[in-house]
Amino acid sequence: PQHLDPGTVETPPPDSSAQHFCHFTPKFASARSTPSHYGEDGWHEATSKTTIRVENEVEAHREANNYKFGFRKWKGNVTERPIEDRSDIVKELYSNLSVVKPQEGSVITFGNVMYVVLFGWWISLIYVLVGLLMFGTIFGYRYGKVCWKLALYFLWPFGKFIEKVIRKVMLQCGVSDEDAVGAKDSAPLLVSSPIGDLSMPVPPEDMKSSDYWCHISTYIWFLLGYPVLAVVHGLACVLSWLLVFTIPVAKLNAHILTAVLLMAPKDIQIQRLDKALRVERGVILCCYRAFNVYYYKYTIQGINIFALNLLPLVVITLIIGYTDHEHKYFSAETTFATAIMSIIPLSYYIGMGIASISAQSNFAVGAVVNATFGSITEMTFYITALLQGHRAATKCYEEIVKAALTGTLLGCILFIPGICMIIGGIKHSEQRFNSRSAGVSSALLFISIGGVFAPTLFSKTFGNLVCESCSNIPGNASVPFICKDCHYDTSQTDPQLILSHTEPLVYTISVLLPAAYLIGLIFTLKTHSHIYDIHISDGHGGHAHGHHVVHWSRWRALAVLIVATVLMACCADLSTENIEPILAHFSISQYFIGVTVLAMVPELPEIVNGIQFALQNNISLSLEVGSCIAVQVCMIQIPLLILFNAFYDVGFVLVFSDIHLWASIFSVILVNYIFMDGKCDYFQGTALVVVYLILLALYFFAPSPRSC
C-alpha cells in the first residue's frame, strides 16, 4: 500500500537512504512526518512518503531496486512466501483435492458446465469402453465395475468424493476390529487423504500388499486398461494445464492416474457430499470447481504459470527452425510467429534472473547485471536483423530496426502508461505519483529524443531534396508539375557529407547520451536520492531480516540468464531469417510490422508488471516501467548499435524517416503535459492510448520504405 502525505516529508537517515535508496522501519514503529526542510514548496522540492511492507530483507532489496533509476521493475517475489501468510484466494489455488470442505454455493456453474463440454463427455466415454473391455476378459470384471463408476464420476465429478476403505489396511497392520471401532469414536468427521499435492502423490498401500498382486485381474488391468487410461488422463492433464484456468481439472486427472487407478477395486468408493463420511474411509479426491479465474497468479518455484507453459514453445521453435530449413513442413510465417512468441517467456526469465541477482547482491553487482542484461532482449534482435540485412545486401532490415526502435519508444511513452492509467483508474478513481521523479524521466526523454533525432534534422538541413517520377512537359504550362517519392539524399549534395559531418555527429551523440544517462544515475541515486523517500517496513511486526527461502540462488539465476540469452539470440536469428515473406507482403507496411510486432512483443512482461503495479495503486512504478525502457533505448541501446556498426560495418546510419521523427517528438510533448500535475485517472490514460492507436493507424496506411 502507498501512503501519501503531500504536505510533509520524512527526512531519511543520511547513512542509509543516500546509499541504499530506502530505509527500513518496523511495522509497529510510528511513521512520523517532520516539517520539510525544503521550505514552503516542500511538495515540489521533495516528494511524498511511500511505505511498503515486505516479508524479509531480500524482498526489501527488490522493492528498493524497483525505485532505483535504471533498474528493471519487477512485481513478483523472488523469495518463497509462506502459504499461511497468503490470502484465501491464493491458498485455494495451492490446495490439494483430498480435503472435504463445507460446500459453498451451487456446483452448477459456467466453468463446471464447460468442463463437461471440453473434457467430461469423452473421458466418460473412454471409461465405458475400457469397462466393456475389462468385462470381456471375464477375470477383470471387478475393474470393469470400477470403470463404469468412474465414467459416471467423470461426467460430473462436482459434489462427489472418492474415498478409500482403510479398515483392511488397519487389520493387516495388526489393528483389531475393536480398535478400529474405538478409532471411529475419536476420529473427526472429515478425514483427509494421505495423498499429498499434485507434485508428490503418495502411492496407495495396495501396491505394497501381497494380496494386491495375487489376483490375475491386476495383471490384466495393468496390461489392457491402465495404459489406455494413462494416455487419456495424461492428455486431459496437459490440455487443462495449458488452459491455466482449468488447472483443477489437471489436478483431478493427476490424482486419478497416480492414486485411484492404482488402488484395489474393492477399496474404491464414490459418494455424494450430502452423505455422511464413515470414519473407516479416507477421502482421496474431492473437487468442487473446474474453473478458477485467479490461476493467473499461480507460480511454481516463483515462475508464473504462463511463462512456464510457454517454455515448450521455445523448444518447438528451435526444432522446426533449425531442422526445416527448406520449409517442407512449416511455412516461414509459422516459424516467424513461433520465434516471436518464444521471446515472451525468455524475456520473463531474463527479468526474473535480473531481479533475483539484484535482490541478493549489493548495489554495484545489481547495477552491472541490469546494465548487462537489461537490454539484451532488444539488442539480440536488432543485431541479428542488421546482420541479416548486411548478408542480403538490402537496407530494408535497417529500416525495420529503426521502426522497431521507434515503436518501442512510442509504446513505452504512450501505450504502457496509458493502459496502466486506465486499468488502475478503473479500480482507483484517482492516482497520484511522484511528479519529481517523473520530471527526471521526462527530462531525460527530451534529451534522448533530441540526441537520437539530431542526425535526422541535420540531414534535412544540409541534404538535397530529391524527387523521382516527375511529370513535366517543357513549354507546356497547362500540364501540372507533379513529383512523387521525394526524400532527402545527402549523397547528391556532397558525397563527403556523411563521412565528414554526419558520421562524427553520430559518434558524438553516442558518447553524450550515455554520459547523460550516467548523470541521471548519479542525480537520482546519490546527490538527490531524497526524491524517492521509500520506507520499507516488515510485514510481520519485526525487523525485515526474517527467515526466507529464495526461489533462485545467485548462481542459478546467472545460469538462467546465460541460457535465456543464448536462446534469445537463436529465436531472434530465426525471426529475422523468416521475416522476408512477411516483408514482401505489400498490403502491410513494413513500418507497421516494425512498430507493433517487433517492438512490443518483447515488452509484454514489462506491460504486465506495470499493470500489476497500477492495480496496487502504485502508479509511480507503472509510469517508471515505460520511462525506464524508453530512456534505455535512446541512451544505451542506440549507442551500442552505433558502437557495433563501428567495429562491424553493417550500414547502420542514425537517420530516421520523417514519420518516426514527428511521431516521437509529439509523443514526448504529450506525455510531459500529462505528467505535469502528478495526478492521473483513466481519462488521461485513454487519451494516451487513443493517440498511440492513431499513430499505429498512421503507420499502417503509410507506404513502405523505399529500400523495401
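Helix H12 (residues 332-359) and H20 pack with their axes 8 Å apart and at an angle of about 160°, where axes are lines fitted to C-alpha atoms, for helices over the stretch in contact, and angles run from 0 to 180 degrees between N-to-C directions. H12 and H20 are therefore roughly antiparallel to each other, a term for angles over 145 degrees, while those under 35 count as roughly parallel, 65 to 115 as roughly perpendicular and the rest as oblique. Helices (H or I, at least four residues) and strands (E, at least two) are DSSP runs, numbered from the N terminus.

This is a predicted model, in which local features need pLDDT of at least 70 and side-chain atom pairs count only at pLDDT 80 or more, whereas totals for chains, interfaces and linings use all residues. Residues are numbered from 1 along each chain as its sequence is written, and side-chain values use heavy atoms, with hydrogens and water left out.

## The chain as a whole

The protein chain has 27 helices and 14 strands. Of its 708 residues, 51% are buried, where buried means under 20% relative accessible area, exposed over 50%, and partly exposed in between (1.4 Å probe, protein chains only). The accessible surface of the protein chain comes to about 32300 Å², and 66% of that surface belongs to carbon and sulfur atoms; accessible areas come from the Shrake-Rupley method with a 1.4 Å probe, and for residues only the protein chains shown count as cover. Among contacts between residues at least 6 apart in sequence, 82% join residues at least 24 apart, a contact meaning heavy atoms within 4.5 Å.

Two packed helices are described by the angle between their axes and the distance between the axes.

| Helix pair | Angle between axes | Axis distance | Handedness |
|---|---|---|---|
| H12 and H20 | about 160° | 8 Å | left-handed |
| H14 and H15 | about 160° | 8 Å | right-handed |
| H24 and H25 | roughly 160° | within 6 Å | left-handed |

A crossing is left-handed if the near helix is turned anticlockwise from the far one by less than a right angle, and right-handed if clockwise. H12 passes H20 in a left-handed crossing, and by class the contact of H12 with H20 has 18 nonpolar, 6 polar and 1 charged residues. In this grouping, Ala, Val, Leu, Ile, Met, Phe, Trp, Tyr, Cys and Pro count as nonpolar, Asp, Glu, Lys and Arg as charged, and the others, Gly among them, as polar.

Helix H14 (residues 376-392) and helix H15 (residues 396-427) have axes 8 Å apart, at an angle of about 160°, and H14 and H15 are therefore roughly antiparallel to each other. On the H14 side the contact includes Phe381, Tyr382 and Ala385, and on the H15 side Tyr397, Glu398 and Val401 are among the residues involved. The contact of H14 with H15 divides by class into 8 nonpolar, 3 polar and 1 charged residues.

In the pair of helix H24 (residues 604-615) and helix H25 (residues 619-647), the axes come within 6 Å and cross at roughly 160°, which makes H24 roughly antiparallel to H25. Glu606, Gly610, Phe613 and Ala614 in H24 meet Ile619, Leu621, Ser622, Val625 and Ile629 in H25, and the residues of this contact divide into 6 nonpolar, 2 polar and 1 charged.

## Buried residues and their contacts

Ala339 is in helix H12 and counts as buried, at 0% relative accessibility. Not counting residues up to four places away in sequence, Ala339 touches Thr317, Cys571, Leu574 and Ser575.

His551 is found in the loop between strand S13 (549-550) and helix H20 (554-577), and His551 is buried, with a relative accessible area of 13%. Leaving aside neighbours within four places in sequence, the contacts of His551 include Asn77, Gln301, Met352 and Arg556.

Phe71 has its place in the loop between helix H3 (57-66) and strand S3 (79-80), and at 5% relative accessibility Phe71 counts as buried. The C-alpha atoms of Phe71 and Cys628 are separated by 7.7 Å, although these residues are 557 residues apart along the chain.

Most residues other than glycine have a negative phi. Phi of Ile138 is near 70°, a positive value, and Val244 has a positive phi of about 65°. Ile138 lies in the loop between helix H5 (110-136) and helix H6 (141-155) and counts as exposed, at 59% relative accessibility. Val244, in the loop between helix H9 (216-242) and helix H10 (247-258), is buried, with a relative accessible area of 1%.
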